[in-house]
Amino acid sequence: MASVDLRGLTKRFGSLAVVDKVSLKINHGQLVCLLGPSGCGKTTTLRLIAGFLEPSDGEIHVGDRLVSSRARTLPPEQRNMSMIFQSYALWPHMTVTENIVYGLRLRKLDRDTIAKKLAAILATTKLEALAQRYPGELSGGQQQRVALARALIVEPETLLLDEPLSNLDANLREEMRFEIRRLHDEYRYTTVYVTHDQSEAMTTADLIAVMNGGKIDQLGTPEDIYARPESEFVARFIGASNVIKGTARDGNHVAFAGATLKVVGAPLTAGQDAVVAIRQHDIGLSTQAPASPENAIKAVVTRQVYLGAARDYMVEVADGTSLRATTPTETNVQKGSEIWLTLPPERCRALSR
Amino acid sequence: MTITTTDAPKSRIDLTRPVLWLFAAFMIVLIVLPLSWLMVYAFTDKARHPTLQNFVTLFTDPSFLDPLLTTAIIATTSAVICCIVAAPIGWLVSRTDMPGRQIIRALVTASFVTPPFLGAVAWELLAAPNSGMLNQLYRYLTGAEDPLFDIYSLTGLIFVISCYTFPFVFVLVANALDNMPGELEDASAILGGKAWTTARRVTIPLALPALVAGALIAFLQAMTLFGSPAILALPAGFHTMTTKIWSLFQYPPKLELAAAAAVPLLLLTILLLQGQKFLLGRRGFSVVGGKYGAPRPVEMKGWRWAALAFCLFVLLNPVFLPYFALLNAAFSPNATTLVTPSTATLHNIVFVFTELSSTQLALKNTVILGASTATIGTILALVVAYVTTRRVIASHRLLGFLATAPVAVPGIVLGVGLFLSYTRPPFVLYGTLWILLLAFLTINLPSAYQQLQAAFATIHPELEDASRILGATRLQSLRQITAPLLRTGVIATWCFIFIGVMRELSAAIVLFTSQTKVLSVLIYDLNESGDLAAISVLGIAMLVITFAVVLAVNRIPMFGGGAGARLRNS
């Protein structure tokens, strides 16, 4: 079936490699998010998969077909893909219906089949009442659903989404997130989803490929990416992490701010610099010295904010490093107080990069 | 729904590239062939031995340097005047609540469709030093001896050229402002921008590309115009580059010098185009996308009527006065005598349509050439604009350059290039309408191309991408998505070329034969013989045809009359 396989994919504009030797295998029916800050090459990767761009190097295979290589790039119309664009790209001179059935007309389907498929997709996307409107007469969310319907009705092997929710307001964005996932589960297309929003990636993806500087920094399930970041970039980009810089004592101990931290993750070499990530809400905070001195550090509160569901602390340790900690609201310590931080060893992840 | 997968559309042979290369080849024949002959003549002597002597003569002989300077003065002054006049009118019409905005638009269009040489003749009727009607009026009112205006002067020439060049700037500026979402201005206002700040920081920068493009076109128009200088400068005893080049084709012809004289104009144009690119930079001026409301017109309050008066006063010069003069001459026994009910006569009209033998033929030729050039030219410009804005093939820059290059070639020089190219086998086209078709096509291609390129730039490329990813080939996307969205631009370009053909004189004057005479040539002949009344009748007939055609094109069902409403939000 339609797996999508990128092999050493490279795109250079002039001497700048926007996509740099990206290799990624997406199995049939998987939803993969390309996640990264703007300019990381995720949209270029998507446009390479779609066939709007020709690779400078490397290959793209869809199923057992080679669709892109330096020598030959199959044009987009022959790839049996669909795409949802950031601007939606709804044709303003066509009604909602005309927009949606466009792809079916190109496939020369007969009138009855088109009508049947149209009715089904209008129902799925709740657009029945708007079928005869023009895109200019729709709200942003409605336009988004038309774009979805137009892309899905042709039942593509591969569905590409380019920041599809970035033009929607927050509530709608959350709703559409689940809607996209639901439709994906219903139809099981191989889906590549480009976004810069980590919670969007978390809620929709089977696999997340975090991209940075044209390369895939880390590939894994949302849980992998969140709980087991491998690089400082991923740790900072996904969720709220503290990044601690110390010196390795041995394979799994790090000297930091006068204390020794037991860590998990990448094996360390004694004497070398070590980088450790820990989530804000994994840090424990108390006014008394903990029973076991393991992984406990003394610190001073420099800021405290009440967030309703939690408290947000900024604390400073002996070497001047600032850390953030999120605690339950019951833990109420005033600014300037001396406190103890507990950093659970299984949450302290040594980063390999 | 089940998980059945519909097959992708059958992979057809992609005709895109062959078709594009065919267009490229045609463009090369259209432009490179005559230009090559031009270059061959510019850099050789009579025996076709290579030499630079032509350029030495050109830049040392005062009889060539003076026209060069005159042309520079005329082009610069006209372009500046056009911008000063057209930009405020464009803004008033597009962005304010001034009364009569539609009427002003129509009147500007009227001055646009007026061929410049006809305007020049009308101003002869109005402001010739002795017989001119305005001068007669002035003498009658003041008892003075000297005329108030002398149209046969550099100032007079610049004035008349500006009258019929400013619509180029107006159209571009007004379109840009029409297409600009009002929210962009509102956004500035809400951030604390006062009306003038908003205008300076948002409105003007956004309209600037259009204004610069307009100024560029105005400059090039003024530089390459032949009719008005031939009618107004020659009697005044001075030359512009175009009339100088034309005079070099008179017996004994000095084709080499004429060709060489065209080279500086060509270089100057390339320079200007580069300058325009530099000025506009890389900022994106595409404002389509998202959802925009209708622009909020600026309230003029007490200034509304003053603004209207300003517009009408400006339009006095290219429209009201000249048309009054032409109508008067058409029905008067003496061209510059004010007609009264008792002296009104139909004699001029009867003469032109029954006694003047070449009228019918010229009418027929003009309409055939206008319609065919407009159709072929629009298609050609559409394809080239598409290729260059979407960078479809590697050589898109070359295509764009080819399409823009003719703007630097004065029609008269192009005429000779074509004359040289098509009087020898294998293409003997001289004496047929084909050679005129080629000439008109080449002349109108640059402006058609620029218009459509600007139109393309406002259509988000993702609209085409969306069609292709759903299975449409490039040509299908072009036909089903891009073409309908470009509808307005395409109609405008078609009309633009048709009008361009009606007003074209400079190439036709070299290429016509007795069987392929067109209206403009007929009018120029009549001016030589001083038959201004017949010109007036022909000129009015010409305008009637133009209006009829433009109206008819806008009514063609496939372009959909009511479709405008659908696009109101796009």
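Reader: In which sense do strand β1 (residues 4–13) of chain A and β2(A) pair, and over how many bridges?

Author: Strands of a sheet pair through backbone hydrogen bonds, in either a parallel or an antiparallel way. Here, β1(A) and β2(A) pair in the antiparallel sense, over seven bridges. Two strands count as paired if DSSP finds at least two bridges between them, and strands (E, at least two residues) and helices (H or I, at least four) are DSSP runs numbered from the N terminus. Before going on, note that this is a predicted model: local features need pLDDT of at least 70, side-chain atom pairs count only at pLDDT 80 or more, and totals for chains, interfaces and linings use all residues, while side-chain values use heavy atoms, leaving out hydrogens and water. Residues are numbered from 1 along each chain as its sequence is written, with chains lettered from A and ligands numbered from 1 in the order in which they are written.

Reader: Which residue in β2(A) does A:D5 stand opposite?

Author: You will find A:K25 across from A:D5.

Reader: In what order do the four strands of the open sheet in chain A lie?

Author: The order is β2-β1-β4-β5 (chain A), with antiparallel pairing. At the edges are β2 and β5 (65–68) of chain A, each of which pairs on one side only. From one strand to the next, the twist averages 30°.

Reader: What lies across β1, β2, β4 (57–62) and β5 of chain A?

Author: That is helix α1 (residues 42–50) of chain A, which runs at about 115° to β1(A). Such angles, from 0 to 180 degrees, are taken between the N-to-C directions of axes, which are lines fitted to C-alpha atoms, for helices over the stretch in contact; contact means heavy atoms within 4.5 Å.

Reader: Let's turn to side chains. How many salt bridges does the structure hold over all chains?

Author: A salt bridge is a side-chain nitrogen of Lys or Arg within 4 Å of a carboxyl oxygen of Asp or Glu. The structure holds 25 of them over all chains. One joins A:K215 to A:D20, at 3.0 Å from N to O. This pair links distant parts of the chain, with A:K215 in strand β10 (residues 215–220) and A:D20 in strand β2 (residues 16–26), 195 residues apart.

Reader: Is A:D20 buried or exposed?

Author: Buried means under 20% relative accessible area and exposed over 50%, with partly exposed in between (1.4 Å probe, protein chains only). A:D20 is buried, at 17%, whereas A:K215 is partly exposed, at 41%.

Reader: Where do A:E186 and A:R182 sit?

Author: Both are in helix α5 (residues 170–187) of chain A; because they are four residues apart there, about one helical turn separates them. A:E186 is partly exposed at 31%, and A:R182 is partly exposed at 37%.

Reader: Which residues are linked in a network of salt bridges?

Author: The network links A:R181, A:D185, A:R188 and A:D206.

Reader: What is the mean pLDDT of chain B?

Author: pLDDT is the predictor's confidence in each residue, from 0 to 100. Chain B has a mean of 81, with 88% of its residues reaching 70 or more. Over residues 1–12 of chain B the pLDDT is below 50, and it stays under 50 over residues 282–291 of chain B. Where pLDDT is low, the predicted coordinates should not be read in detail.
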